[in-house]
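Reader: I'd like to go through this one with the cut-offs on the table. Can you take me through it term by term?

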Amino acid sequence: MTNPIRPTDDEARSLARVLMEKARFAALGVITEDGTPLVTRVAFGLSPEGQPISLISTLSAHTRALQKAPACSFLVGEPGDKGDPLTHPRLSLQGRAQFVPNTGEEHARLAAHYLQDLPKAKLYIGFGDFAFVRLDVTAGHLNGGFGKAFVLSPDDLTPPA
């Protein structure tokens with residue numbers, strides 16, 4: 001059997017970055033304290049440096065899971081209005097969650113940037129139980145459509161300078 005993973009090229013890098021830039025929500029996969037997987041929908045954005053971020057509540061099960069086991073994944077990319085949903089591009093990002101305290105300059109910087117793309121978050125961004133989580137990406141898995149699978153490195157996902 002031949003390897004179904006294609007060599008990563010500029011087109012794959014560009015598509016992956018576009019999927020991240022356009023995403024306003026994602027599926028977040030975590031491992032709960034008892035070792036079972038949990039997938040939930042969360043808001044999704046990018047830091048000014050292009051790193052995946054989300055604003056999450058400490059009251060949620062997925063936040064508690066990330067605090068215990070920071071390994072996680074995000075899935076971005078939505079099916080189009082027509083056709084088989086599995087033919088539309090999507091990107092899975094793997095990495096480790098890094099919490100940003102909801103006080104201080106880093107939180108303020110991320111909040112200002114985040115609100116540009118997700119203005120409705122202004123309703124709860126200042127609540128004491130909400131904090132940013134930044135994904136320190138270790139790998140990306142791009143399915144660009146039928147027969148277009150790629151494995152991407154963190155550098156592949158970083159916007160060009």
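Reader: How many cavities are there, and what makes something a cavity here?

Author: There is 1 cavity of 30 Å³ or more. The model is predicted: local features need pLDDT of at least 70, side-chain atom pairs count only at pLDDT 80 or more, and totals for chains, interfaces and linings use all residues. Residues are numbered from 1 along each chain as its sequence is written, and side-chain values use heavy atoms, with hydrogens and water left out. As for the term, a cavity is a set of points on a 1 Å grid over the protein atoms alone where a 1.4 Å probe fits but cannot get out. Points are joined across faces, edges and corners, and the volume is the space filled by probe spheres set on them. On that basis the largest cavity comes to about 30 Å³.

Reader: Which residues line the largest cavity, and how do you know what class they belong to?

Author: Lining residues have an atom within 4 Å of a point, and here they are Arg-17, Met-20, Glu-21, Leu-46, Gly-50, Leu-157 and Pro-159. Ala, Val, Leu, Ile, Met, Phe, Trp, Tyr, Cys and Pro count as nonpolar, Asp, Glu, Lys and Arg as charged, and the others, Gly among them, as polar. That gives 4 nonpolar, 1 polar and 2 charged residues in the lining. Helix H1 (residues 10-22) supplies the largest share, 3 residues; helices are DSSP runs of H or I with at least four residues, strands are E runs of at least two, and both are numbered from the N terminus.

Reader: Why is the pair Tyr-114 and Phe-132 called edge-to-face?

Author: Rings of Phe, Tyr and Trp (its six-membered ring) pair if their centres lie within 6.5 Å; planes under 30 degrees apart are stacked, over 60 edge-to-face, the rest tilted. There are 4 aromatic pairs by that rule. For Tyr-114 and Phe-132 the centres are 5.1 Å apart and the planes sit at 75°, so edge-to-face it is. This pair links distant parts of the chain, with Tyr-114 in helix H3 (residues 105-117) and Phe-132 in strand S7 (residues 130-143), 18 residues apart.

Reader: What makes Phe-127 and Phe-130 a pair, and of what kind?

Author: Their ring centres are 6.3 Å apart and their planes are at 65°, so this one is edge-to-face too. Together with Tyr-124, Phe-127 and Phe-130 form one aromatic cluster.

Reader: Is Phe-130 buried or exposed, and how do you know?

Author: Buried means under 20% relative accessible area, exposed over 50%, partly exposed in between (1.4 Å probe, protein chains only). Phe-130 has 15%, so it is buried. Phe-127, at 45%, therefore counts as partly exposed.

Reader: And why does Ser-54 get its burial label?

Author: Ser-54 in strand S4 (residues 52-57) has 0% relative accessibility, so it counts as buried. Beyond its neighbours within four places in sequence, Ser-54 is in contact (heavy atoms within 4.5 Å) with residues including Phe-74, Tyr-114 and Phe-132. A polar atom of its side chain lies 2.5 Å from the backbone oxygen of Ala-43.

Reader: Where is Thr-87, and what makes it partly exposed?

Author: Thr-87 is in the loop between strand S5 (71-76) and strand S6 (90-100), and its 39% relative accessibility is why it counts as partly exposed. Thr-87 and Phe-146 are 59 residues apart in sequence, yet 5.3 Å apart in space, C-alpha to C-alpha.

Terms used. A polar contact is a pair of N or O atoms within 3.5 Å; within protein, one must be able to donate a hydrogen and the other to accept it, and residues adjacent in sequence count only if both atoms are side-chain atoms. On a 1 Å grid over the protein atoms alone, a cavity is a set of points where a 1.4 Å probe fits but cannot get out, and a pocket is an open set with protein on both sides within 12 Å along at least five of seven lines; lining residues have an atom within 4 Å of a point.
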